[in-house]
Amino acid sequence: SRCRPLRPARLERGALDRCLASQLCSRVASGKIPAVRKKSIGGNAKSSRSELAKTPAWNEFLALALLLLLGVVPRVAFVTAFPTRPTSDFQSLVGFGLWMRDHSIVAGGFYWQVLNPGLPLILSLILRLFPAAPETAARLSTALATGLLPLFPFLLWRGAQPRWVRLLAGGALALWPGQIAFSGVVAQDNWVLIPAVALGALAVRSLTGREQHPIAAGLLYAFGVAVRQEMLVALLPLLLAAALGPRQGKPWRRALLPCALACGIPLLLLALQRQAATGRFALTSDHGGVALLGAYIPGATANGWADPGPYVAAVEPSLLEDLPRLRRQAVRLAWREVLARPAFQAARIAAFTLHYLVSGEGSNLVWSLSPDVIPPSAQPRALATARLASPMLHFEMALLLALFLASLPLTIRDPAIWVLVVAILLKAGIHAVTVSQGRYFLAVTALQILVIALGAQAASRASPRTVAVALACGGAVRSEEHTSELQSHHD
């Protein structure tokens, strides 16, 4: 329809706008003026939502059920075939859970000096339901809990990422060989994967979809800190991203209060629980200084840590008579070792960090398949499985690291990627300068898998030449790290 040309002076403003719009639409429809689509800033999220609208609900349900089966069945089958007995710190966790079950959640004891109460509190509730076989109940519940990991990116990225990206992230977590082989060990490092992966996926959703999830983010953060105390620092960037969203999104000040309450109240209760049990109002145990000293004393390079008792007896024996004073002075002794041999300590930190980034999962087999933790009837099968799995896990970690490094140049402008990268660096860096063991790097690998899934999406939109260059760069950096690792161990 066309409007008769009238003088603008005789038209009201609204009538003139409608007339011009009508003429413009008719010209676009006739092809005289090409239609120009407005570029969407949140194109990823909008395209994913439109894709979701076209996806039948039963398809989503089938994909969810498939991921659940892939996550739970291999882990339950593994821990059934190899019923690992808890030992060392893992035995203490089960004992702490029994202590809370049989006494109270604020009963004092030795456990409070070396452990966080989050996992023992969960175990105490599970052991109330299944009191007959505590070790079996703790082992199966750990396997089942880690089997839920693939659900978090699939569900939390719904409407924010394409379905194939959600399936890729969930499938990689479900079929993660290193975690399956460790899933029967009642370790804090297994249980902390739940808040780490969930909070990482939630941070990606918030930044991609311009959303804010302050309450969920705060609760997940408090859960992670309750299980492992270094998560107070490592999960902080994920908390801020998930709770506040991007700078261009909703006003972030409105989310501060609910986020502070959601994480602050559980953490306050956690500190009050420790105070009621020990008289010390704190979120962390008081053995950190002694643990740090054990990583820096002479002889610690054999296994990454050594009992600092003989060292203290040699340099300051009076400290052994006053354990609280020893805990306060342990950091000073560790710093003295750093100043005495700075080059050696730097080389040790670099060597152990690089080693566990590519071989950490293989070193975890000592906790799940060694003869010390497996019943005699299953020991031959366990030894054969360990010999077969060790080189495969080394290759798997090297491949994941190369893909992670290749994903970075493809997603360099994505803020969600860099939030995950900062969390990875914080988690790895904390253990690099304190105590390094392979199981501490499980959360690092889990977050790397999320980055790889997002990198695959970026690769699907990039040119083949760009993808090839990114893969070559990732492989080259990985090869250089492997060479540095071998040289450091040789030195």
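A polar contact, as I use the term today, is a pair of N or O atoms within 3.5 Å; within protein, one must be able to donate a hydrogen and the other to accept it. Keep that in mind for Thr84. And keep in mind that this is a predicted model.

Let's start with Thr84. Thr84 sits in the loop between α3 (57-81) and α4. A polar atom of its side chain lies 3.0 Å from the backbone oxygen of Ser368. Is Thr84 buried or exposed? Thr84 counts as buried, because its relative accessibility is 4% and the cut-off for buried is under 20%. What does Thr84 touch, leaving out residues up to four places away in sequence? The list is Arg139, Gly184, Val185, Trp367, Ser368, Val373 and Ile374.

Trp367 comes up again with the rings. Ring pairs link Trp367, Phe90 and Phe182 into a cluster.

Over the whole structure, a search finds 7 of them. One is Phe78 with Phe82, a tilted pair. Their centres are 5.1 Å apart, with 50 degrees between the planes. Both partners are on the buried side of the cut-off: Phe78 has a relative accessible area of 14%, and Phe82 comes in at 7%.

Next, Phe96 and Tyr111. Here the ring centres are 5.1 Å apart and the planes meet at 15 degrees, so this pair is stacked. Where are the two residues in the chain? Phe96 belongs to helix α4 (residues 89-102), and Tyr111 to helix α5 (residues 111-114). They are 15 residues apart, and the pair links distant parts of the chain. Phe96 is buried, at 0% relative accessible area. Tyr111 is partly exposed, at 22%.

Two arginines also meet rings. The charged end of Arg166 sits over the ring of Phe154, 4.1 Å from its centre. Arg348 lies over the face of Tyr296, with 4.5 Å to the ring centre.

Last, confidence. The protein has a mean pLDDT of 85, and 82% of its residues reach 70 or more. Which stretches stay under 50? Residues 1-13 do, and there the model has 9 contacts beyond four places in sequence. Residues 32-43 do too, with 8 such contacts. Where pLDDT is low, the predicted coordinates should not be read in detail.

That's the tour. Questions, please.

Conventions: Residues are numbered from 1 along each chain as its sequence is written. This is a predicted model: local features need pLDDT of at least 70, side-chain atom pairs count only at pLDDT 80 or more; totals for chains, interfaces and linings use all residues. Side-chain values use heavy atoms; hydrogens and water are left out. pLDDT is the predictor's confidence in each residue, from 0 to 100. Contact means heavy atoms within 4.5 Å. Rings of Phe, Tyr and Trp (its six-membered ring) pair if their centres lie within 6.5 Å; planes under 30 degrees apart count as stacked, over 60 as edge-to-face and the rest as tilted. Buried means under 20% relative accessible area, exposed over 50%, partly exposed in between (1.4 Å probe, protein chains only). Helices (H or I, at least four residues) and strands (E, at least two) are DSSP runs, numbered from the N terminus. A charge sits over a ring if NZ of Lys or CZ of Arg is within 6 Å of the ring centre and within 35 degrees of the ring normal.
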